[in-house]
Amino acid sequence: MKRKTKLQAFINLLAPFLGLILVIAIFSSMPDVQSRFLRIANLKSVATQSVIVALGALGMTLVIIGGGIDLSAASNIALSSVITAYAINAGLPPLLGILLGVLTGGLIGFMNGVLITELRLVPFIITLGMMGIARGLAKWIANNQKIDAPLSWVNDLMAKSPRPSWLLLAPGVWLMIVFAVAMAVLLRYTVFGRHVFAIGSNEATARLCGVRTKRAKVIIYALSGLFCGLSGVMEFSRLTVGDPTVAVGLELDIIAAVVIGGGSLIGGEGSILGSMIGVFIMAFLRNGCTMMGWPNYIQEIIIGVIIVAAVSLDQIRHRRAA
Amino acid sequence: MTSFNAGRLALEMRRVTKHFGATCALDDVDFSLRKGEIQALLGENGAGKSTLVKIISGALKSDRGEMTLDGRPYHPSDPLAGRQSGVSMIYQELNLAPHLTVEENIMLGREVHAGGFLKRREVRKKIRDTLEFLHHPEIGCDVPVRQLSLGARQIVEISRAIMDKARILVMDEPTSSLTKEDTERLFQVIRKLKTEGVSIIYISHFLEEVQDVAETYTVLRDGRNVGTGSMAETTLEEIIQLMIGKKITDLFPRVDHERGEAILSVKDLKGVQMSEPVSFDLHRGEILGLAGLIGSGRTETLRAIFGLDAAEGGLVDVGGVKVLKGRPWLMIENSLGLLSEDRQGEGLALSRSLADNITLSRFSPYKKFGFLSVKKRTQAAAQWINALKIKAQGPYQTVASLSGGNQQKAALARLLHQDADVLLLDEPTRGIDVMSKSQIYEWMSRLAAAGKGILFVSSYFPELLGVCDRIAVFFRGQIVDVRAAGDWRDESLMAASTTGKA
């Protein structure tokens, strides 16, 4: 019996995984890009390009499994990147700058959580508001322009060829992998992880069973915010400036990655591995399309189709199971 | 009453068989229904009642067998085809759009219009006539359905079926959420429909009610028709015996238990949903029943004790710990547990597994530095699945795919796993079969013998009388009388619940 449900879990991940294989297979069979697409250097660059969305998706997976949504993610990333640049530019040690950036993200997330639980408004509204607030703050602090910061080791975090070459991948990619594993473990093997699933599946039940739902939700949004903060730091590392207008609309990419990976917008379902596969499907698509020299709008159409297709496949599978 | 064989056949099914994968849900079932007959369809959970009526309504197709409606072959492709042929189903969970009005709900999907514009006047007259015919003229056409009581909503559903010119009406547990009065009014409606030649298939677990309203019965067991006959010529015991396949010696198995010291004292507690403050004591080794009508304050009191509703005043004393402002997590720490009356809305996380649901209120045994031992947790869940005889593939199965009775057992399993000293049970046996009920009664008695205290809210007097040590009656938010169970009778409970005086 146990085997059967494990098989079920495997099948759940199979669809996005096959999607990823399919995307890779299609581009590696295109004569124009064949030779370049599967090169190590290209794979490295796809991995590096994925870091920012992936970190955001780690937090978003938690939020979505818990039955919520975080529309402020991208603004939060921009704000955190600005704060990091501002701090380093002001002469603070880079490590402190990073810390401030991450904590800014965490603070925004924490406020999301507190407002959602205390005002009892739906997450969509609160985070929609916070999306504007964080973006505005970022522009204000940066005085509506980019903040140049002196180059430091922070900018190596997202370097395509890492400085100690034995690292093989950019430090940011390693961070992404470490945090992905940590979050997967958190969701699967900890009490808190079970509580998140329970709240997303039926909040009233969770409360009845003694889960401190308010506290759990604040933690969920704060964690999501911390990941946005880290993602903001990576954005700064990549751009070498703090740009308050960066990552506009990126929250939708992040949400799309989670949904392609099997996350349910009504809560109670989703997985880190699935979300990461979702991130890579989109990253490979972008990369492949660019190599083919296809215009941006083609990429947008393809990704739109994939989102709808992925979720409909998921629905069909659910109906079968019921 | 007409004799058993008289009357024209409205529906006939011969040798109908239905498989789901390897399980045989219906095995060569014959079933017939005459014009204007009220026939009860009885059986345990999982006996095949739902499958049978779904085939009749068109929601499912049989693998084999024939079906005729008024003598003509009848093979509906879907529920809409069934409805158009005159077969309507009133579901257990009502199918109404809460924000729409009575009129909009009744006409939904069959709006009368001219060029896209609604022709409301004729329609409204018809609806009013129908509601009048059903003795419910007080239901207004423009009232949003969410403002109606459950009983009134049922009438709206029935009106919809009548406006469809239904000749066969299938009712699945129509009274499980109704008050006694609403039930009585529903029965009047059913009898009225009979006089109009409408045939009714009536599914219910309340056998006394069935005996009251139905003329004939068919009992299914393990997908087979094990008996059909006239209600008047059969006793309840015989029917129960048919349903479970053996003689049930004792519906209320009792394990001896003795009343100890007080474990829960409620003092002038008033929750935000309660109209009056309430005080009472519950002792170790005691099952205290809370009787009364729906809305009389029983559920509200339980919720206030458990901290699900905020308290405005008073306190709860659990084994010496005084709690002023309860919260569910705090009450669980103080060894209280609650079984919600709303199984699907509040009681269970339907999309999660049995293991998740059973262990959700107590993870501590499987926790080390915040990490869970998945294996230990699964094993523990498997033990409770066995102990309560929950029919499931295993601890990983999602609760949504279980039958109602097994879902209820899963909710109870969680409470047992939590190992609370005080159990607050709100309608723990609603909508489940006799065997499962009897098992739950036995568990309650065993828990009392183990020194636990149990508050038992029920709208079904026989089970209160059969299980409880003491029974308190709520009337308009207050406890009007508390007596030993032996000092109550069905009639006195009814009188106290409806008038406040025994």
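Domain bounds here come from an automatic or database domain assignment. The model is predicted, so local features need pLDDT of at least 70, side-chain atom pairs count only at pLDDT 80 or more, and totals for chains, interfaces and linings use all residues. Residues are numbered from 1 along each chain as its sequence is written, chains are lettered from A and ligands numbered from 1 in the order written, and side-chain values use heavy atoms, without hydrogens and water.

**Stop 1: domains of chain B.** Colour domain 1 (9–244), domain 2 (257–335 + 420–502) and domain 3 (352–418) of chain B. Taken over C-alpha atoms, the centres of domain 1 and domain 3 of chain B are 35 Å apart.

**Stop 2: a sheet in chain B.** Helices (H or I, at least four residues) and strands (E, at least two) are DSSP runs, numbered from the N terminus. Select the open sheet of 6 strands in chain B, ordered 6-9-10-3-11-12 with mixed pairing; two strands pair if DSSP finds at least two bridges between them. Strand 6 (87–90) and strand 12 (224–230) of chain B are at the edges, each with a single partner strand, so one side of each has no neighbour in the sheet.

Next, select strand 11 (residues 216–221) of chain B, which pairs with strand 12 of chain B in the antiparallel sense over 6 bridges. B:Val219 stands opposite B:Gly227 in strand 12 of chain B.

**Stop 3: a helix contact in chain A.** Show helix 7 (residues 171–189) and helix 8 (residues 191–201) of chain A. Which residues of helix 7 of chain A meet helix 8 of chain A? They are A:Leu186, A:Leu187, A:Arg188 and A:Tyr189, with contact meaning heavy atoms within 4.5 Å.

Conventions:
Axes fitted to C-alpha atoms, helices over the stretch in contact; angles between N-to-C directions.
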